[in-house]
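Q: Got a model open here. Can you walk me through it?

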Amino acid sequence: MSSIFTLSIVQSALELGCIYSLVALALFISFSILNIADLSTDGCFTLGCAVGAVVTIAGHPFLAFPAAMAAGVASGFITAFLQTRMGVPSILAGIIVNTGLYTVNIAVMGFSSNVNLFACDTIFSLAKDKVAADWYNSWYKIILVVAIVLLVSVILAWFLNTRLGLSIRATGDNEHMVRASSINPVFTITVGLCLSNSLTALSGAILAQYQKSCDINLGTGMVTIALASLIIGETIIGKGGMFKKVIGVILGSCLYRFIVAVALRMSVPAECLKLVSALIVAIAIAFPYLKGQASFLKTRKTLERAGRKDGGSVC
Amino acid sequence: MLSLKQISKTFNPGTVNEKKALDQVNLELADGDFATIVGSNGAGKSTLFNAITGAFYVDEGQIILAGENITYRKEHIRSKEIGHLFQDPLKGTAPHMTIEENMALAYLRASTSSHAFFSRISSKEKQMFKEQLALLNMGLEDRMKQPVGLLSGGQRQALTLLMATMVTPKILLLDEHTAALDPATAQKVLDLTKRIVAERRITCLMVTHNMHQALELGNRTLMMDSGRIVLDISGEERSALTVEDLLQQFSLQAGKQLDNDRILLSK
Ligand SMILES: Nc1ncnc2c1ncn2[C@@H]1O[C@H](COP(=O)(O)OP(=O)(O)O)[C@@H](O)[C@H]1O
Ligand SMILES: [Mg+2]
């Protein structure tokens, strides 16, 4: 077993887990809280990556993050606008934006399908060698991404307990209540989707600097992977306050990366990973339903057996 | 307080499903009026309420609330001044949010400034929510941090009533709000309703299928049929009326029997 968990595998799982956890948090807002399946996630992730990469290449490694987030907000706004003002069903709104983003992303990357950041400063290259110690040089990437993700989590958990945050949560929880209270669902859905897409884009921008490249197909399947992380996180944390749930999502994302790392170590070909994550999501979502069905069948069996003993029939 | 001037609403106009749900309805409610509404299924009682809250805009007519024309005002803006309870106790509260959070949402109606967006529930407000819950005598004040989904239907309806009246509304609309509860719980929620409405002198419209309630509660009884208000009695005339009279009046006014299976004649 020790060969499966080498230090570098644990480290890279943690690093990627934290970076991608921002997408899982984005789905936590759109899917769990607002009850909207936002299928623009894939395109928005690539958008964040592309904007982050281009701004970094232009010599602004820090500006890359707010720039990517702003692009994410714009993308989320359009998705929200389509569904709240134009009467487009929410799933379709996401698909439409996702399709449009492909062209936007290519354009952002100067009409090429990939760019690389090898020659320029990133937050990672700037942080490297800042402390002259061996442990620092093997852990600085983790320290950085954990710091960013923790900061985002604290702000997010705080936000979800403000009045605006409560209104957004109520919007996804009970539409009848929202209509009878003074909450404007058009506004709360818009704010929620802008926020969630800004996190998706931020994740993309961090990844661009982390792997020093951006590819047009980078985001493909991101929504499934993030959903897998989200569901794993919600399963291991269960009930609790907002901060606990947010932390759960991050843990879920790291756990997902461990599963992937282990799968790779057990020589599952990299091409099969998308299938593995699709399976994880399908099983995780179907699980509660199957559990219910199983217990129903059991009750029915016992009832029928009891019915036969009494000589009566069960209807 | 509320005046409806010739309001009409037709659903699905120009289709085979065309339905005139409100037909030139006129109504004047004075400040502090508490009117009960009876009428058979599909008479348009819920539609009347939905017209007032702004779930849709009326085709014709005007809706004036406290002197302001709200006919074309958006639903979420109207709801700052209107309390609306439904028959289904699950509709009034957010199940995955705590009691405290639900109350904070209801209390949002009190805030007018937008900087309140980023404020959190203060300990002063928590204390106030707790005191209000204690008045329900349901022990909810000790369960502030629990999700509302864990409460029973009656508890949820009582909470919804509290939330709807926490910031005194200009008008309270009760749409068969005790009909889905068991008799004991229904009585409890009804007593609570009477107390809150009386204490705060809230102008109130209440749909009921219980003929005794229709005559006993409040100061006015309305009867609806086919999208119209066919009977409006108050004062002496009302105190003299028996349940039998009321039923007779209905067949007289509407030219048919009130559907008896939903009407509760007993107490
Ligand atoms: N949103 C709607 N779309 C189409 N028809 C509706 C709608 N709401 C109500 N109706 C119709 O309007 C009539 C009045 O309904 P309603 O107001 O719910 O009656 P009730 O007096 O039982 O509350 C019914 O025939 C109903 O089918
Ligand atoms: Mg009704």
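This is a predicted model: local features need pLDDT of at least 70, side-chain atom pairs count only at pLDDT 80 or more; totals for chains, interfaces and linings use all residues.

Q: How many cavities of 30 Å³ or more does the count come to?
A: The count is one cavity.

Q: And how much space lies in the largest cavity?
A: About 150 Å³.

Q: Which residues lie nearest its centre?
A: Ala180(A), Ser181(A), Gly92(B), Met163(B) and Ala164(B). They belong to a lining of 13 residues.

Q: Which helices each supply at least two residues of that lining?
A: From chain A, helix H8 (175-180). From chain B, helix H3 (99-107) and helix H5 (153-166).

Q: How do the lining residues divide into nonpolar, polar and charged?
A: Seven are nonpolar, five are polar and one is charged.

Q: Switching topic. How is chain B divided into domains?
A: Domain 1 covers 1-81 + 172-185 + 202-267. Domain 2 covers 89-168.

Q: What distance separates the centres of those two domains?
A: Over C-alpha atoms, 28 Å.

Q: How many residues are in contact between them?
A: Nine residues of domain 1 of chain B touch eleven of domain 2 of chain B.

Q: What area is buried between the two?
A: About 750 Å². Carbon and sulfur atoms give 72% of that area.

Q: Which three residues supply more than any other three on the domain 1 side?
A: Lys80(B), His177(B) and Leu181(B). Together they supply 50% of the area that domain 1 of chain B buries against domain 2 of chain B.

Technical notes: Residues are numbered from 1 along each chain as its sequence is written. Chains are lettered from A and ligands numbered from 1 in the order in which they are written. Side-chain values use heavy atoms; hydrogens and water are left out. On a 1 Å grid over the protein atoms alone, a cavity is a set of points where a 1.4 Å probe fits but cannot get out, and a pocket is an open set with protein on both sides within 12 Å along at least five of seven lines; lining residues have an atom within 4 Å of a point. Grid points are joined across faces, edges and corners, and a volume is the space filled by probe spheres set on the points. Helices (H or I, at least four residues) and strands (E, at least two) are DSSP runs, numbered from the N terminus. Ala, Val, Leu, Ile, Met, Phe, Trp, Tyr, Cys and Pro count as nonpolar, Asp, Glu, Lys and Arg as charged, and the others, Gly among them, as polar. Domain bounds come from an automatic or database domain assignment. Contact means heavy atoms within 4.5 Å. Buried area is the accessible area (1.4 Å probe) that two parts lose on being put together, summed over both.
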